[in-house]
Amino acid sequence: QNTDETEINFWKSDFDTKDCKIDLAFLMDGSWSIGRRRFRIQKSFLMKIAQALDIGVAGPLIGIIQFGNNASTEFNLQTYRNSDDLKNAIEKIPQRGGLSNVGRALSHALENFFSKEQGNRGGAPNVVVVLVDGWPTDKVEEAARLTRESGINIFFITVEGADQSERQNLVERDFVDKSVCRTNGYFSINVPSWFKLYQAVGPLVKRVCDTEQLACSKTCLNSADIGFVVDGSSSVGTGNFRTILQFVANISQEFEISDTGTRVGVVQYTYEQRLEFGFDKHSTKETLTTAVKDIRYWSGGTSTGEAISYALKHLFSNSKPNKRKLMIVITDGRSYDDVQAPALAAHRDGVIAYAVGIAWAAMDELEYIASDPNKDHSFFVDDFDNLYQFVPRIVHNICQEFNSQPRN
């Protein structure tokens, strides 16, 4: 038994890979710059990963994409269901040659690899591991961003990176930091030499299997665009309006706010409507909370139906296609206009609507606004001071609904 096999077996005894249920795509470098010998070392590395991960339907599944000028899937997630078959298949992969177009390979993984037809299981985190010799010959930042935003975790293993004299040849400096989920070193491993590549087996397997750390995976807390539609009518009053804003801030605080995570926008309405800020304005909890608390009370009538239509047009039209659209309507009285038709239009547009009624709010209108099932999306409280009690219930219901849906 050679040293690296001993290391794998020692490591395996330290960690149960049966708990490691991930759908993993390896992007292997097939470019001519890697040479035939290093291509074989790369295959040997992938075989060691396959051995260490203990492939199976209850645990991790692996597919492989080879990239050069273009990218092609060698085999997908459902082709091999045990480590031995997978290792034999890796052994037989021929080198395709070409450049080292990593950006194109990431796009291929996003568009073609992680589909249900290709074996994506839905409940398992999606992971891409990119192995690159030197540096990519195309730009990776945009392809990586789209991949991350789809909930796919990107890891980079770079071997023998550019030295000082070669830096001028880089198409994109800092391509690793521009690609990974977090720039904290967790999602990237640099190996100084191909002959040391086997040493990355243990650290890589441990990292991809620690699903709590997979920061790009979609969860109920990091994959929504939440639009609050807030009643600013005269019956609310200044003090109660501040209570509503605190309620908005408290719900927002429960989510992972960022450009690629959950985003929040707010519309205030009376007879008229005002976009306080859109989804693209605040990318941290701190700036978002400050912006919510700085909203000025408007005062006026109550046109909830028009407010919903306005939010669809001016807020949710800028929602990202891979985000869940959540609308939370907060009102304290009966609307002067029809809410049923605008609410139906929102539901048909894929918006999940929550209705929060206070004091004089009309129960029939709350039911029209709320998505089905009504009991999970409609809330009523008789006093503004009790509004805070609904924060955990609303967040719980949002997560419960998310977790029951098939997804990447």
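This is a predicted model: local features need pLDDT of at least 70, side-chain atom pairs count only at pLDDT 80 or more; totals for chains, interfaces and linings use all residues.
Residues are numbered from 1 along each chain as its sequence is written, and side-chain values use heavy atoms, with hydrogens and water left out. The element names follow DSSP runs (H or I of at least four residues for helices, E of at least two for strands), numbered from the N terminus.

To place this pair in the chain, H9 covers residues 304-314 and H10 covers residues 340-348, and the two pack at an angle of about 25° with their axes 8 Å apart. Axes here are lines fitted to C-alpha atoms, for helices over the stretch in contact, with angles from 0 to 180 degrees between N-to-C directions. H9 and H10 are therefore roughly parallel to each other, given that angles under 35 degrees count as roughly parallel, over 145 as roughly antiparallel, 65 to 115 as roughly perpendicular and the rest as oblique. Where they touch (heavy atoms within 4.5 Å), Gly 305, Ile 308, Ser 309 and Leu 312 of H9 meet Pro 342, Ala 343, Ala 345 and Ala 346 of H10. Sorted by class, the residues of this contact are 6 nonpolar and 2 polar, with no charged residue; Ala, Val, Leu, Ile, Met, Phe, Trp, Tyr, Cys and Pro count as nonpolar, Asp, Glu, Lys and Arg as charged, and the others, Gly among them, as polar.

H9 also lies across strands of a sheet, namely S7, S8 (263-269), S9, S10 and S11 (351-358), and runs at about 45° to S9. That sheet is open and has 6 strands in the order S9-S8-S7-S10-S11-S12, with mixed pairing. Strand S9 (273-277) and strand S12 (378-381) stand at its edges with a single partner strand each, so one side of each has no neighbour in the sheet. On average, neighbouring strands here are turned by 20° against each other, direction ignored. Two strands pair if DSSP finds at least two bridges between them, and S7 (residues 224-231) is joined to S10 (residues 324-331) by 7 bridges, the two running parallel. Within this pair, Phe 228 has Ile 328 in S10 as its bridge partner.

A further helix pair is formed by H7 (residues 238-253) and H8 (residues 285-293), which pack at an angle of about 165° with their axes 9 Å apart. That angle makes H7 roughly antiparallel to H8, and their crossing is right-handed. H7 contributes Arg 242, Leu 245, Gln 246, Val 248, Ala 249, Ser 252 and Gln 253 to the contact, and H8 contributes Lys 285, Leu 288, Thr 289, Val 292 and Lys 293. These residues divide into 5 nonpolar, 4 polar and 3 charged.

Turning to the other sheet, the reader finds 6 strands in an open arrangement with the order S3-S2-S1-S4-S5-S6 and mixed pairing. Its edge strands are S3 (71-75) and S6 (188-191), each of which pairs on one side only. S4 (residues 126-133) and S5 (residues 152-159) pair in the parallel sense over 8 bridges, and Ile 157 in S5 is the bridge partner of Leu 131.

Helix H2 and helix H6 (residues 201-209) pack at an angle of about 50°, with their axes 10 Å apart, and are therefore oblique to each other. Their crossing is right-handed. Phe 45, Lys 48, Ile 49, Ala 52 and Leu 53 in H2 meet Val 201, Leu 204, Val 205 and Cys 209 in H6, a contact with 8 nonpolar residues, 1 charged residue and no polar ones. The loop between H2 (35-53) and strand S2 (61-67) holds Asp 54, a residue other than glycine whose phi is positive, near 60°.

Some local details remain. The structure holds 12 salt bridges, each being a side-chain nitrogen of Lys or Arg within 4 Å of a carboxyl oxygen of Asp or Glu. One of them links Glu 142 with Arg 145, whose closest N and O atoms are 2.6 Å apart; Glu 142 and Arg 145 are separated by about one helical turn, because they are 3 residues apart in helix H5 (residues 141-149). Finally, the peptide bond from Asp 372 to Pro 373 is cis, with omega near -10°, and Pro 373 is found in the loop between helix H11 (363-369) and helix H12 (374-377).

Conventions. A crossing is left-handed if the near helix is turned anticlockwise from the far one by less than a right angle, and right-handed if clockwise.
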